[in-house]
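I opened my notebook to record what I looked up in this structure, going from one spot in the chain out to the whole protein.

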Amino acid sequence: GNVLLDFCWKDHIARFGFQGEKADRIAQAMMLGPIWPKLDLGLESDEDILEQFVAHTPELEQEIRLVFSDLSTIVRENEGSVDWIESLKARGYHTYYLSNYGERIRREASKELSFLSHMDGGIMSYTVHLAKPDPAIYQTLLDRYGLKAEECVFLDDTVRNVEAAQALGVAGIVVTSQEQAKKELETLL
């Protein structure tokens with residue numbers, strides 16, 4: 001998220017007609033709240049998580065149910081993601097994804113994940129019931145693909161996720177934009 005695709009929760013909420021303070025309250029109750037990360041772990045059903053959203057902020061029940069009814073617009077692939085991956089592969093590098101991601105979002109927003117078929121593999125958190133920054137998810141990726149930490153670079157938009165990778169010996173880049181990430185990656189390659 002926010003490297004090869006954007007987490008567009010603001011646009012997603014606006015799609016249902018919510019703006020301003022109401023949109024902010026919905027975001028706090030859902031995407032920015034303590035319950036959302038449970039989607040990424042894949043340990044609870046979407047229905048159970050929805051009920052937790054509602055129980056956490058019952059005054060927004062109708063709005064939460066509507067916004068959660070279709071998650072197909074919650075992410076958007078960045079223009080140029082596939083070209084970037086392909087340019088790295090053409091130079092002999094392998095590319096893998098490691099993403100905190102829920103099964104339902106993967107299913108409903110699959111059209112925004114075209115870059116996945118261009119990668120050499122990866123892990124979405126819901127498939128292993130682990131999420132970044134847990135060191136176990138990074139180690140799972142390294143083990144699954146026979147990767148050496150000192151030969152890898154991890155890119156993420158969250159400092160703590162990059163720090164967790166670095167603690168395992170993986171070089172890291174905190175991404176603020178795709179252009180900045182490309183420049184920093186080139187200095188490491």
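**A proline in a loop**

I began with Pro-133, which I found in the loop between helix H8 (125–128) and helix H9 (135–145). The model I am reading is a predicted one, and I keep that in mind for each value I write down. I then looked at the peptide bond that leads from Lys-132 into Pro-133, and I noted that this bond is cis, with omega near 15°.

**A histidine in that stretch**

I went on to His-129, whose place is also in the loop between H8 and H9. Its phi is near 55°, and I marked this as a positive value in a residue other than glycine.

**Helix H5**

Next I asked which residues of helix H5 (residues 61–68) are buried. I listed Glu-63, Ile-64, Val-67 and Phe-68 as the buried ones.

**A glutamate in another loop**

I then turned to Glu-112, which lies in the loop between H7 and strand S4 (121–124). Its relative accessibility is 17%, and since buried means under 20%, Glu-112 counts as buried. Setting aside neighbours within four places in sequence, I found Glu-112 in contact with Leu-5, Val-75, Arg-76 and Glu-77.

**The whole protein**

Finally I stepped back and noted that the secondary structure comes to 11 helices and six strands. The radius of gyration is 17 Å, close to the 16 Å that the globule rule gives for 189 residues, so I recorded the protein as being as compact as a globular protein of that length. Along its principal axes, the C-alpha trace spans about 50 × 30 × 25 Å. Of the 189 residues, 44% count as buried. I also noted that, among contacts with a separation of 6 or more, 62% are between residues 24 or more positions apart. My last entry concerns charge: the mean positions of the 19 positive and 32 negative charges are 2 Å apart.

Technical notes:
Residues are numbered from 1 along each chain as its sequence is written. This is a predicted model: local features need pLDDT of at least 70, side-chain atom pairs count only at pLDDT 80 or more; totals for chains, interfaces and linings use all residues. Side-chain values use heavy atoms; hydrogens and water are left out. Helices (H or I, at least four residues) and strands (E, at least two) are DSSP runs, numbered from the N terminus. The radius of gyration is taken over C-alpha atoms; the globule rule is 2.2 Å times the number of residues to the power 0.38. Buried means under 20% relative accessible area, exposed over 50%, partly exposed in between (1.4 Å probe, protein chains only). Contact means heavy atoms within 4.5 Å. Lys and Arg count as positive and Asp and Glu as negative; His and the chain ends are not counted. The place of a charge is taken as NZ of Lys, CZ of Arg, CG of Asp or CD of Glu.
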